[in-house]
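Thanks for making time this morning. I would like to walk you through one model, starting with a strand pairing and then turning to charged side chains.

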Amino acid sequence: MNEMRTLPESNTQAILQLRNLKVQRGEREVLNVPWLEVMRGEALTIIGPNGAGKSTLLLTMAALLQPAAGEVIFNGRALNRRWQLQYRRQIGLVFQEPLLLSDSVFNNVAAGLRFRGIAKAEVKRRVNDWLERLNIRHLAKRPARAISGGEAQRANLARSFALQADLLLLDEPFSALDAPSRTALQIDFQRLIAETHQTAVFVTHDLEEAVMLGNRVAVLIEGELRQVGRPDEIFAAPADMGVAAYVGVENILPGVTLAEEDGLVSIALDGFQAEVVGAARRGQRVYVCLRPEDIILQLEGENPRSSARNRLRGRIRRIVSQGALSKVLVDCGFQLTALVTRASMREMGLETGMTVSASFKATAAHLIPRQ
């Protein structure tokens, strides 16, 4: 550890920091992270579309990929090549496919501890403890090849948790599982990191999983770190168009600011004047971002059921069923997409071609500057 260079400016609450990190494949830059911190005791989820660089980022954090530029800083000290094996012994890795030995479940969970020279009695105690916590104690003597995919991933997690690593790195560990197994493991994982205060970085492309498991979320798009913050911040106030589109802001409307007074902005939207809570100067070009669940639909002529400032008349162009919810596409001179429950669909009798009222509150919209 004495081979690492101390960085006095490092945040003492951060266990891992990435600074000016760039990763290349051949001549092409595939990852650009100016700054990212993983705080001690937190669960940070990394989200982004396929090909965004999420796994590349995790492998770089694990010192399995070498950056072309920048630093990976662990416990306030910059990593270098000479002590990488020692660093890797302080972290745990969980991949999408459980990499289990052709041996019993018990011996698979014990493997990392034995490799680190942990005493036999302590190995037995930790393995049995984590088999119990992950509800696979009854599988201890069973060959790993004879268990299900969900059980194999539980054994994989038990092996990593048993190491008591300073940092746990997980690359979409539940994505290959069937829905019931995945849900059960998500619930158990959330409980376990809360109980142990385990510091974890969790890669996923599933937004619901990211919100469920992460204290903070980092958004990667096209190899660039676009935004980091609490899940509610990311979803309510995306930093740019790419983040907005990825996190499900389906209504992104171009407009121009007409006036701003006391935090209420008037915006011209293709024949409609909207009022939005935000900050923008007069004449500024902006995007008004609205989540579909924040659009309220009512039948034409009904008394308003909300205090929404913004109300438009439109015609339903399309209805897309999504099980318990339906997306309703309304032509108001520009398209608005609303999310409506099955019960509301039945109550209102919504059908293609019907004229409806579409409204949204001034506080529901988020403004993004545009060029």
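This is a predicted model: local features need pLDDT of at least 70, side-chain atom pairs count only at pLDDT 80 or more; totals for chains, interfaces and linings use all residues.

Let me begin with L325, whose bridge partner in β19 is T341. The two strands concerned, β18 (residues 325-331) and β19 (residues 335-341), pair in the antiparallel sense over 7 bridges, where pairing requires that DSSP finds at least two bridges between two strands, and a strand is a DSSP run of E of at least two residues, a helix a run of H or I of at least four, each numbered from the N terminus. Between these strands the hairpin has 3 residues, and G333 takes a positive phi near 95 degrees.

Residues are numbered from 1 along each chain as its sequence is written, and side-chain values use heavy atoms, with hydrogens and water left out.

Now to the salt bridges, meaning a side-chain nitrogen of Lys or Arg within 4 Å of a carboxyl oxygen of Asp or Glu; the count comes to 22. R154 forms one with D188, with the closest N and O atoms 2.8 Å apart. This pair links distant parts of the chain, R154 being in helix α5 and D188 in helix α6 (residues 179-196), 34 residues apart. Both R154 and D188 are buried, that is, under 20% relative accessible area, as against over 50% for exposed and in between for partly exposed, with a 1.4 Å probe and protein chains only. R154 and D188 also belong to a network of salt bridges that includes D129, R133, R191 and E195.
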